[in-house]
Amino acid sequence: LKLSIACALTFLVALLGMPLLNYFFPELMAKRILGFTLSWFILGIAFFPFVWVISYAFIRRSIALEESEVEEVNR
C-alpha cells in the first residue's frame, strides 16, 4: 500500500504541478527549449520518461516485495 501511494502521489504532484507552474511562473514556462515552450517540452517530451521511471520503480519494488513474501512463507 505504501508503494502504491508513493507512486501515485509522485505522479499526481507532477501532473498537478504543471498548471501551478504555468500559473505562478508564466515567464519561465514560456521559455523555448528545442523549439518548444518549456511547458510543452515537459508535457510532450519529459513527462513520458518520468512516468516510465515511476512505473519501473513500482515494478522493481513490487517484485522485490513479492519475493521477500515468498521467502518468508517458505521458511
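**Figure 1. Buried residues of α3 pack against α1, α2 (26-29), β1 (32-33) and β2 (36-37).** Five residues of α3 make up the buried set here: L38, S39, F41, F47 and I54. "Buried" means under 20% relative accessible area, "exposed" means over 50%, and "partly exposed" is what falls in between, with a 1.4 Å probe and protein chains only. Helices (H or I, at least four residues) and strands (E, at least two) are DSSP runs, numbered from the N terminus. Bear in mind that this is a predicted model, so local features need pLDDT of at least 70 and side-chain atom pairs count only at pLDDT 80 or more, while totals for chains, interfaces and linings use all residues. Residues are numbered from 1 along each chain as its sequence is written, and side-chain values use heavy atoms, with hydrogens and water left out.

**Figure 2. The whole chain, read from one end to the other, goes α-α-β-β-α.** That makes three helices and two strands. The chain is more spread out than a compact globule, because its radius of gyration is 18 Å, well over the 11 Å that the globule rule gives for 75 residues. (The radius is taken over C-alpha atoms, and the rule is 2.2 Å times the number of residues to the power 0.38.) Along the principal axes, the C-alpha trace spans about 60 × 25 × 10 Å. Of the 75 residues, 15% count as buried. The accessible surface comes to about 6,200 Å², and carbon and sulfur atoms hold 71% of that; areas come from the Shrake-Rupley method with a 1.4 Å probe, and for residues only the protein chains shown count as cover. As for contacts (heavy atoms within 4.5 Å), take those with a separation of 6 or more: residues 24 or more positions apart account for 52% of them.

**Figure 3. Helix α3 has a kink of about 50 degrees at A46.** The bend sits shortly before the proline P49. It is the angle between axes fitted to the seven residues ending at a position and the seven starting there. End to end, the C-alpha atoms of α3 are 52 Å apart, which agrees with the 54 Å that its 37 residues should span at 1.5 Å a residue. That expected span is 1.5 Å times one less than the number of residues. Further along, A64 also belongs to α3 and counts as partly exposed, because its relative accessibility is 32%.

**Figure 4. Zooming in on the rings, F11, F47 and F48 form one aromatic cluster.** A search of the whole structure turns up three aromatic pairs. One of them is F11 with F47, a tilted pair at 5.8 Å centre to centre and 55 degrees between the planes. This pair ties together distant parts of the chain, since F11 is in α1 (residues 2-24) and F47 is in α3 (residues 38-74), 36 residues apart. F47 also pairs with F48, this time edge-to-face, at 6.5 Å and 80 degrees. Rings of Phe, Tyr and Trp (its six-membered ring) pair if their centres lie within 6.5 Å; planes under 30 degrees apart are stacked, over 60 edge-to-face, and the rest tilted. F47 is buried, with a relative accessible area of 13%, whereas F11 is partly exposed at 30% and F48 is partly exposed at 47%.

**Figure 5. S39 in helix α3 is buried, with a relative accessible area of 11%.** Setting aside neighbours within four places in sequence, S39 is in contact with M18, N22 and M29. T37 lies in strand β2 and counts as buried at 17% relative accessibility. With the neighbours within four places again left aside, T37 is in contact with M29, A30, K31 and R32.

**Figure 6. L34 sits in the loop between β1 and β2.** Its phi is near 55 degrees, a positive value in a residue other than glycine. Most residues other than glycine have a negative phi. L34 counts as exposed, because its relative accessibility is 72%.
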